[in-house]
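My entries follow the order in which I looked.

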Amino acid sequence: MILHLSTWPEIEAQLRRSRTIVIPIGSTEQHGPTGLLGTDWLCPEIIAHRAQASCAGILVGPTFNIGMAQHHLGFPGTISLRPSTMILALRDWVASLSLHGFEKIYFLNGHGGNIPTIEAAFSEIYAEASYVRHRAGLALILRNWWQLPGVEALARRQFPRGHGSHAEPSEIAVTQAVYPDSIKIAECKPRIAPTGPIRDAVDFRARHPDGRMGSNPLQATAGHGEELIALAAEGLAAEVERLAAATGRG
Ligand code: NI
């Protein structure tokens with residue numbers, strides 16, 4: 001079930017069955033010469049939508065598709081929220097969902113750079129309840145799609161060299177499987193990109209002139225992507241079902 005393809009009476013009825021929702025979350029940022037700008041939100045969205053298609057009880061909310069990507073702002077098309085802005089936006093998303101009764105909010109993340117900010121947002125949300133000695137009544141979960149069971153191991157088997165840490169062949173393969181008309185071809189020199197620290201946008205572009213970090217994305221194929229999507233969606237469905245069942249009403 002997908003929230004934005006449902007009506008409010010359908011969501012009201014769903015809330016009588018389950019208090020759990022999955023929110024794909026990512027970033028709109030450069031992904032090297034061949035990676036789509038939407039890669040980091042497309043991947044969790046693709047996986048969450050696949051999971052709900054095979055598992056009728058899972059509700060997926062709209063994708064939070066702009067993240068904390070300040071270090072990619074040296075490349076056109078990147079759109080970033082400051083950490084402070086993103087924390088405020090996440091507080092309002094969660095407050096809106098909890099107002100209607102959602103209690104377990106599972107964020108499926110596609111961008112490593114979001115992790116500290118999402119964790120800070122969770123702390124802010126819990127702190128609001130703690131200072132007034134109320135129960136937040138919420139369980140907030142952050143899960144990176146590549147850390148779903150078996151997914152990292154599969155990506156290592158698929159791409160033993162040049163996987164890297166940005167514009168990786170695994171994430172690009174996931175987008176290729178679902179958006180074959182948007183597969184891009186470009187040269188990548190050197191074949192495996194340099195690695196380095198993450199600082200500001202000017203520094204990032206100087207160290208990583210084409211946007212890649214340690215990766216050779218030309219290895220990606222739609223077939224690799226389909227394997228990753230199937231495994232990740234299966235793991236996600238199992239985790240969300242366990243979460244929903246954990247204390248009686250999910
Ligand atoms: Ni990415």
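**Ground rules**

I am working on a predicted model, where local features need pLDDT of at least 70, side-chain atom pairs count only at pLDDT 80 or more, and totals for chains, interfaces and linings use all residues. Residues are numbered from 1 along each chain as its sequence is written, and side-chain values use heavy atoms, with hydrogens and water left out.

**Helix 3 and helix 4**

I began with helix 3 (residues 83–99) and helix 4 (residues 115–131). Helices here are DSSP runs (H or I, at least four residues), strands are E runs of at least two, and both are numbered from the N terminus. The two axes come within 9 Å and cross at roughly 50 degrees. That makes helix 3 oblique to helix 4. I took axes as lines fitted to C-alpha atoms, for helices over the stretch in contact, with angles from 0 to 180 degrees between N-to-C directions. Under 35 degrees counts as roughly parallel, over 145 as roughly antiparallel, 65 to 115 as roughly perpendicular, and the rest as oblique.

Helix 3 passes helix 4 in a right-handed crossing. Right-handed means that the near helix is turned clockwise from the far one by less than a right angle; anticlockwise is left-handed.

I listed the contact next (heavy atoms within 4.5 Å). Helix 3 brings Pro83, Met86, Ile87, Leu90, Arg91 and Val94. Helix 4 brings Thr117, Ile118, Ala120, Ala121, Glu124, Ile125 and Glu128. By class I get 9 nonpolar, 1 polar and 3 charged residues. Nonpolar covers Ala, Val, Leu, Ile, Met, Phe, Trp, Tyr, Cys and Pro; charged covers Asp, Glu, Lys and Arg; the others, Gly among them, are polar.

**Helix 2 and helix 8**

Helix 2 (residues 39–54) packs on helix 8 (residues 222–245) at about 60 degrees, with the axes 8 Å apart. That makes helix 2 oblique to helix 8. The crossing is right-handed. From helix 2 I noted Ile46, Ile47, Ala48, Arg50 and Ala51. Helix 8 answers with Glu226, Ile229, Ala230, Ala232, Ala233, Leu236 and Ala237. This contact has 10 nonpolar residues, no polar and 2 charged.

**Helix 5 and helix 8**

Which way does helix 5 run against helix 8? The angle is about 165 degrees, with axes 10 Å apart. That makes helix 5 roughly antiparallel to helix 8. Helix 5 passes helix 8 in a right-handed crossing. Val151, Leu154, Ala155 and Gln158 of helix 5 meet His224, Glu227, Leu228, Leu231 and Ala232 of helix 8. I count the classes as 6 nonpolar, 2 polar and 1 charged.

**Pockets**

I searched for spaces on a 1 Å grid over the protein atoms alone: a cavity is a set of points where a 1.4 Å probe fits but cannot get out, a pocket is an open set with protein on both sides within 12 Å along at least five of seven lines, and lining residues have an atom within 4 Å of a point. Points are joined across faces, edges and corners, and volume is the space filled by probe spheres set on them.

The largest pocket has a volume of about 460 Å³. Its lining has 28 residues, with Gly112, Trp146, Ser165, His166 and Glu168 nearest the centre. Helix 4, helix 5 (151–158) and helix 6 (169–178) each supply at least two lining residues. Helix 5 gives the most, with 4. The lining splits into 9 nonpolar, 13 polar and 6 charged.

The second largest pocket holds about 150 Å³. I found Glu103, Lys104, Arg135, Ala136, Gly137, Leu138, Ala139 and Thr247 lining the second largest pocket.

**Cavity**

How many cavities of 30 Å³ or more are there? I found 1. The largest cavity has a volume of about 30 Å³. Its lining is Thr34, Leu36, Ile172, Thr175, Gln176, Tyr179, Ser182, Ile183 and Lys184.

**Backbone**

Most residues other than glycine have a negative phi, and most peptide bonds are trans. I noted a cis peptide bond from Lys189 to Pro190, with omega near -10 degrees. Pro190 is in the loop between helix 6 and helix 7 (201–207). Arg133 has a positive phi of about 55 degrees, although it is not a glycine. Arg133 lies in the loop between helix 4 and strand 3 (139–144).
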